[in-house]
Amino acid sequence: FQWSHDDKYLARMGKDLISVFETPSMKLLDKRSLATDGICEFQFSPKANIIAYWAPEHKNQPAHVDLIEIPSRKKLRQKNLFNVSNCSMVWQESGEYLGVKVTRHTKSKKTLYNNIELFRVNEPGIPVEMLDVKDAVMSFSWEPQGSRFAIIHAESPTSTKVNVTFYDMFKTLEPEKKKGKKGGSKEKQIVAEVNLVETLEGKGCNTIFWSPAGRTIILASLGD
């Protein structure tokens, strides 16, 4: 079960479907469920009535992540994925970004590797960028009110020493200095491009805790 951010809808995942109920009547929206073959997980956006879900490969269809607007049922975006073993979805608290950690396998299915699909939800067409990560990704967390995120990763998912890498969904470009010319544009340009900010190496942690306002983070190693 998942509630929408404004309490207007309660959604329930069943076999190959999502049933959305309206409050306070608790009647099924439009008297029919959303058909989603093989659905494994879904989440409401924390700021809008948008459902994100993923489903594995089914018959001749590739695995895919879909963003559906409620109550219109309009498909805002679909991203097809191939050779998928598993996915996990993480919304940014402000609902501006959706991160999907994708665990993929080689054709032999003997080797697993990760990449992260990053959805810019508030931009026209909802562009998606793919971040390749050669290591196993053990944790993924968005800065609550910002455009940054952090991942914990290592060569092996059982490693005790890991790396923590910070990325920003925006990149600041310094103004170009032209030879032989004084002055010129001194304004920095900010572009929508995933930017590696910093990597902390050899840390002993498995969990990320951002402060509510962002900028500050705690890295902790927590047992069962």
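This is a predicted model: local features need pLDDT of at least 70, side-chain atom pairs count only at pLDDT 80 or more; totals for chains, interfaces and linings use all residues.

Colleague: Which residue in E9 is the bridge partner of alanine 63?

Modeller: Alanine 63 has leucine 81 as its bridge partner in E9.

Colleague: How many residues lie between E8 and E9 in the hairpin?

Modeller: Five residues lie between the two strands of this hairpin. Arginine 73, in the turn, has a positive phi of about 65°. As a general idea, the side chains of a regular strand alternate between the two faces of the sheet.

Colleague: How many helices and strands does the chain hold?

Modeller: The chain has zero helices and 21 strands. Its C-alpha trace spans about 70 × 45 × 35 Å along the principal axes. Of its 224 residues, 41% count as buried.

Colleague: Let us turn to charged side chains. How many salt bridges does the structure hold?

Modeller: The general idea is that side chains of opposite charge can pair when their charged atoms come close. This structure holds seven salt bridges. One of them joins lysine 75 and aspartate 66, with 3.2 Å from N to O.

Colleague: Is aspartate 66 buried or exposed?

Modeller: Aspartate 66 counts as buried because its relative accessibility is 0%.

Colleague: Which residue does arginine 148 meet in a salt bridge?

Modeller: Arginine 148 meets glutamate 143, at 2.8 Å from N to O. Glutamate 143 is buried, with a relative accessible area of 5%, whereas arginine 148 is partly exposed at 28% relative accessibility.

Colleague: What is the N to O distance in the salt bridge of glutamate 193 and lysine 171?

Modeller: The distance is 3.7 Å. This pair links distant parts of the chain, 22 residues apart: glutamate 193 is in the loop between strand E18 (189-191) and strand E19 (195-203), and lysine 171 is in strand E17, residues 171-173. Glutamate 193 counts as partly exposed at 36% relative accessibility, and lysine 171 counts as partly exposed at 28%. Elsewhere, salt bridges that share partners join Arg120, Glu123 and Glu129 into one network.

Colleague: Over the face of which residue does arginine 120 lie?

Modeller: Arginine 120 lies over the face of phenylalanine 170, at 5.2 Å from the ring centre.

Colleague: That brings us to aromatic rings. How many aromatic pairs does a search of the whole structure find?

Modeller: The search finds six aromatic pairs. In one of them, the rings of phenylalanine 140 and phenylalanine 149 have centres 5.2 Å apart and planes at 25°, so the pair is stacked. Phenylalanine 149 is buried, with a relative accessible area of 0%, and phenylalanine 140 counts as buried at 11% relative accessibility.

Colleague: With which tyrosine does phenylalanine 149 form a stacked pair?

Modeller: The partner is tyrosine 167, at 5.3 Å centre to centre and with 20° between the planes. Phenylalanine 149 lies in strand E15 (residues 148-154) and tyrosine 167 in strand E16 (residues 162-168), so the pair ties together parts that are 18 residues apart in sequence. Both phenylalanine 149 and tyrosine 167 are buried. Ring pairs also link Tyr97, Phe140, Trp142, Phe149 and Tyr167 into a cluster.

Colleague: Which residues form the nonpolar patch on the surface?

Modeller: The patch is formed by Phe209, Ile218 and Leu222, which together have about 290 Å² of accessible area. Leucine 222 lies in the segment after strand E21 (217-220) and counts as partly exposed because its relative accessibility is 46%.

Colleague: One last reading, on separation. How far apart in space are proline 46 and alanine 136?

Modeller: Proline 46 and alanine 136 are 27 Å apart, C-alpha to C-alpha, and 90 residues apart in sequence. Proline 46 lies in the loop between strand E6 (41-44) and strand E7 (50-55), and at 32% relative accessibility proline 46 counts as partly exposed.

How values were computed. Residues are numbered from 1 along each chain as its sequence is written. Side-chain values use heavy atoms; hydrogens and water are left out. Patches are made of residues with over 30% relative accessible area and no salt bridge: like charges are joined within 9 Å, nonpolar side chains (Val, Leu, Ile, Met, Phe, Trp, Tyr) within 5 Å. Accessible areas come from the Shrake-Rupley method with a 1.4 Å probe; for residues, only the protein chains shown count as cover. A salt bridge is a side-chain nitrogen of Lys or Arg within 4 Å of a carboxyl oxygen of Asp or Glu. Helices (H or I, at least four residues) and strands (E, at least two) are DSSP runs, numbered from the N terminus. Buried means under 20% relative accessible area, exposed over 50%, partly exposed in between (1.4 Å probe, protein chains only). Rings of Phe, Tyr and Trp (its six-membered ring) pair if their centres lie within 6.5 Å; planes under 30 degrees apart count as stacked, over 60 as edge-to-face and the rest as tilted. A charge sits over a ring if NZ of Lys or CZ of Arg is within 6 Å of the ring centre and within 35 degrees of the ring normal. Two strands pair if DSSP finds at least two bridges between them.
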